[in-house]
Amino acid sequence: MSGSLKGLDIVSIRDFSRDQIEHILKVAEGMVPVAKGEEKSNLLEGRVLGSLFYEPSTRTRLSFEAAMTRLGGRTLGFDEPKGSSVAKGETLADTIRMVDAYSDVIVLRHPQEGAARLAGHFAEKPVINAGDGAGQHPTQTLLDLFTIMKEKGGIEGNHVVIVGDLKYGRTVHSLSEALGMFGAKLTFVAPPTLQMPKEHVKHIESMGMRPTISSSLDDVIEEADVLYVTRIQKERFPDPAEYQKVAGAYTINSAILRDAADDLIIMHPLPRVNEISSDVDQTKHARYFEQAFNGVPVRMALLSMVLGGIE
Ligand code: NCD
């Protein structure tokens, strides 16, 4: 992918060059007043977003919808397949063909890795991956990068410690590759059974970066500029007993933050279950709610560029 995003599928973070990402984030910055409702825009008036969520979602689905609405467009779709013909046995291919005919851009979340790529083959309109199983979550990565840029003034050279379920967590698969591309120093903290899959580590190494692999948060917390916390992805465990072994492996609370740098920021794609205790919310470190808001301007930028409203 190079240059304009108009008409393109957004499936993996690898679809973007660094220049393209920087451009999206710049456009997103300009969208903030509209995202907050302080200014009005009709940039996507008359355009329709087809929103297909085969898995639960709060932030991703609602922020795409907010983004479309704030730009004067409309959204149709479903937030669970039970109420659609999927329940009657309709294939993903056929559902995509229909929504392709009813909308100008399709946002898809699906439990199967590769579903968005497949949907892209059946749709004429651009398909945006809103999470495919344990695969990728590229739009989350864009808003994560936007948050780091805003809070830290840049990405390169920051030490980002990513903790939790790195095996099944799709947000960190996309994010770690993007951070590698931007020259951030990376440390992956997880129990050995939930460490970052080799495929992603190798990709990051191919860009000349050397991520540190660890299972101890205590060892690295004081050197972190950004602590990116993730939920153990219970729904992806083939065996509930395996989940029980790792549930609650890392909990961020004020005690663990005693050694943290003053300007450490804590991020989380949310939802959190018990990885971050609520006493952290009041600290100067917490940024996860701001991060969730950033999904709106970033998705406004992306939708505008994919639909050709902005170059
Ligand atoms: C994440 C997801 O769905 O992958 N949530 C999100 O989109 N903000 C993270 C998660 O569910 O743990």
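Which residue in S4 does His110 stand opposite? His110 stands opposite Asp132. The legends below start from that pair.

The model is predicted, local features need pLDDT of at least 70, side-chain atom pairs count only at pLDDT 80 or more, and totals for chains, interfaces and linings use all residues. Residues are numbered from 1 along each chain as its sequence is written, and side-chain values use heavy atoms, with hydrogens and water left out.

**View 1**
Strand S3 covers residues 105–110. Helices (H or I, at least four residues) and strands (E, at least two) are DSSP runs, numbered from the N terminus. Two strands pair if DSSP finds at least two bridges between them. Strand S1 (residues 48–53) is joined to S3 by five bridges, and the two run parallel. In this pairing, Gly50 stands opposite Ile106. S3 is also joined to strand S4 (residues 127–132), by four bridges, again parallel. Here His110 faces Asp132 across the pairing. From S3 the chain passes through helix H4 (residues 115–122) to S4, a right-handed β-α-β crossover. Right-handed means that, with the strands pointing away from the viewer, the path from the first strand over the helix to the second runs clockwise.

**View 2. The two faces of S3.**
Six of the six residues in S3 are buried. Buried means under 20% relative accessible area, exposed over 50%, and partly exposed in between (1.4 Å probe, protein chains only). In a regular strand, side chains alternate between the two faces of the sheet. One side of S3 carries Val105, Val107 and Arg109. The other carries Ile106, Leu108 and His110. Both faces are covered.

**View 3. Tyr288 and its surroundings.**
Tyr288 lies in helix H9 (residues 288–306). Tyr288 is buried, with a relative accessible area of 0%. Leaving out residues up to four places away in sequence, Tyr288 touches Ile266, Met267, His268, Leu270, Arg272, Ile276, Val280 and Asp281. Contact means heavy atoms within 4.5 Å. The side chains of Tyr288 and Asp281 also make a polar contact (2.7 Å). A polar contact is a pair of N or O atoms within 3.5 Å; within protein, one must be able to donate a hydrogen and the other to accept it, and residues adjacent in sequence count only if both atoms are side-chain atoms.

**View 4. Where the domains meet.**
Domain 1 is 13–135 + 295–306, and domain 2 is 138–292. These bounds come from an automatic or database domain assignment. In contact are 31 residues of domain 1 and 28 residues of domain 2.
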